[in-house]
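This briefing is meant to be read with the coordinates open alongside.

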Amino acid sequence: GGPASLSRFRGALVAAVLGDCVGGEFEGAEEVPMESVLQHLSSLDDETKGNGVLDYSDDTAMARCVVQSLLTRAGFDEQDMARRFAKEYSASPGRGYGSGVIQVLKKLSSPQLSDVYKPAREQFNGRGSFGNGGAMRASPFSLAFPDLSDVKKFARLGAMLTHSCSLGYNGAILQALAVHLSLQGALDLPEKFISTLITEMEEVEADKESLNDARILKEADKPFCERLHRVRDLINRSKVSIEEVISELGNGIAALHSVPTAIFCVLHCLQPRDCLPKNYDGLKRTIAYCLALGGDTDTIACMAGAIAGAHYGIEAVPQSWMRCCEGAEDAYVNAEWLHKLYHQSSEGG
Ligand code: R7I
Ligand code: MG
Ligand code: MG
């Protein structure tokens, strides 16, 4: 489809759910042989398997809250979104939430709370979390707002409801930027895609909080930019091993160690790769590659899935995978509502 087509919206939202559901199998694993990944993925083609056998985790649970809030309020409403996060957590606490964020979600459910950003600020001795929980649910912002500055502004605020450290919420901005660009067809020119991300993040990371957090946490001046430069170096190399990707970019639960990694996976899998089956198309390659990295596989596959899904569109999503994943059908339906909202806004209505 063309830029911002319905197919791209569906691809983004559905493939994010798929990444989360199929990635759950390997979350936290240190080494994942590609053989195990391919075995897991081919088991999804087994017709005798029931529908929705793979549960989604916190990644999708929170993304669904973001989607519902944006649609119901026809825009960003921090009170409404915070309430939905808290309600979702208390209804299904067993979705694999990060150990820190649980405290925030409990505080958010208090009816006395007036500043919904306060519980997040109290995390980790007042510096806030740098986990990837803000980034893992950032994609829907790119599907609701056509304007780049809105995408950045609301992805940041949406993340800050649980992640007030700049190394957390800037990861959400980066993820949202990547989905926004992919939706426009920007992955047709991968070099330009990565330079645009770097240019945008140069500005995002130039603010006082970001520079200060980076200094305190002993990271590079502009940590996400630095990682994006590493992504660019890696995609320009003829051969890259899984071990090098992990050591250069990471596969962990910090946003800094997972968002650039997800972006790399998408770029790397734009072409066929020797380690992946010849009959796999780009979207399947991307998800398989993410799982083979081990570590935070559900979240990296979820974020890469959103970016890749926005590029390849819903036609690239295997029907059998969709059938196996809880919440995939809802994502398919919600994508159309987001598509409407996005195009309403772009008409200036
Ligand atoms: O970021 P968050 O929502 O977790 C998301 C991850 C994804 O992989 C999900 O799939 C799920 O498995 O969890 O949850 P947080 O609790 O805010 O952050 C995750 C973890 O990052 C924390 O439990 C800490 O171990 C670590 N962390 C920090 N550690 C020290 N200092 C995050 N921020 C800090 C910090 O400032
Ligand atoms: Mg998860
Ligand atoms: Mg995870």
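In this predicted model, the axes of helix 10 (residues 166-183) and helix 17 approach to within 7 Å and cross at roughly 15 degrees. With angles under 35 degrees counted as roughly parallel, helix 10 is therefore roughly parallel to helix 17.

**Helix 10 with helix 17**

- The crossing in which helix 10 passes helix 17 is right-handed.
- On the side of helix 10 the contact is formed by Gln175, Ala178, Val179, Ser182 and Leu183, and these face Met303, Ala306, Ile307, Ala310 and His311 on helix 17.
- Sorted by class, the residues of this contact between helix 10 and helix 17 comprise seven nonpolar and three polar ones, with no charged residues.

**Helix 11 with helix 13**

- The axes of helix 11 (residues 190-204) and helix 13 (residues 223-235) come within 9 Å of each other, and the angle at which they cross is roughly 170 degrees.
- Because angles over 145 degrees count as roughly antiparallel, helix 11 and helix 13 are described as roughly antiparallel to each other.
- Helix 11 passes helix 13 in a crossing that is left-handed.
- Helix 11 brings Pro190, Ile194, Leu197, Ile198, Met201 and Glu202 to the contact, where they meet Phe224, Cys225, Leu228, His229, Val231, Arg232 and Ile235 of helix 13.
- The classes in the contact of helix 11 with helix 13 are ten nonpolar residues, one polar residue and two charged residues.

**Helix 13 with helix 14**

- Helix 13 also packs with helix 14 (residues 242-249), their axes coming within 10 Å and crossing at roughly 160 degrees, which makes helix 13 roughly antiparallel to helix 14.
- The crossing of this pair, helix 13 and helix 14, is right-handed.
- Arg227, Arg230, Val231 and Leu234 of helix 13 make the contact together with Val245, Glu248 and Leu249 of helix 14.
- The contact of helix 13 with helix 14 contains four nonpolar and three charged residues, but no polar ones.

**Confidence**

- The protein chain has a mean pLDDT of 96, and 99% of its residues reach 70 or more.
- The scores for the model are ipTM 0.99 and pTM 0.98.

Note on methods. Residues numbered from 1 in each chain as written. Chains lettered and ligands numbered in written order. Predicted model: local features only at pLDDT ≥ 70, side-chain atom pairs only at ≥ 80, totals over all residues. Axes fitted to C-alpha atoms, helices over the stretch in contact; angles between N-to-C directions. Helix = DSSP H or I, 4+ residues; strand = E, 2+ residues; numbered from the N terminus. Parallel < 35°, antiparallel > 145°, perpendicular 65-115°, else oblique. Left-handed = near helix turned anticlockwise from the far one by under 90°. Contact = placed C-beta atoms within 7 Å. Nonpolar A, V, L, I, M, F, W, Y, C, P; charged D, E, K, R; others polar. pLDDT = per-residue confidence, 0-100.
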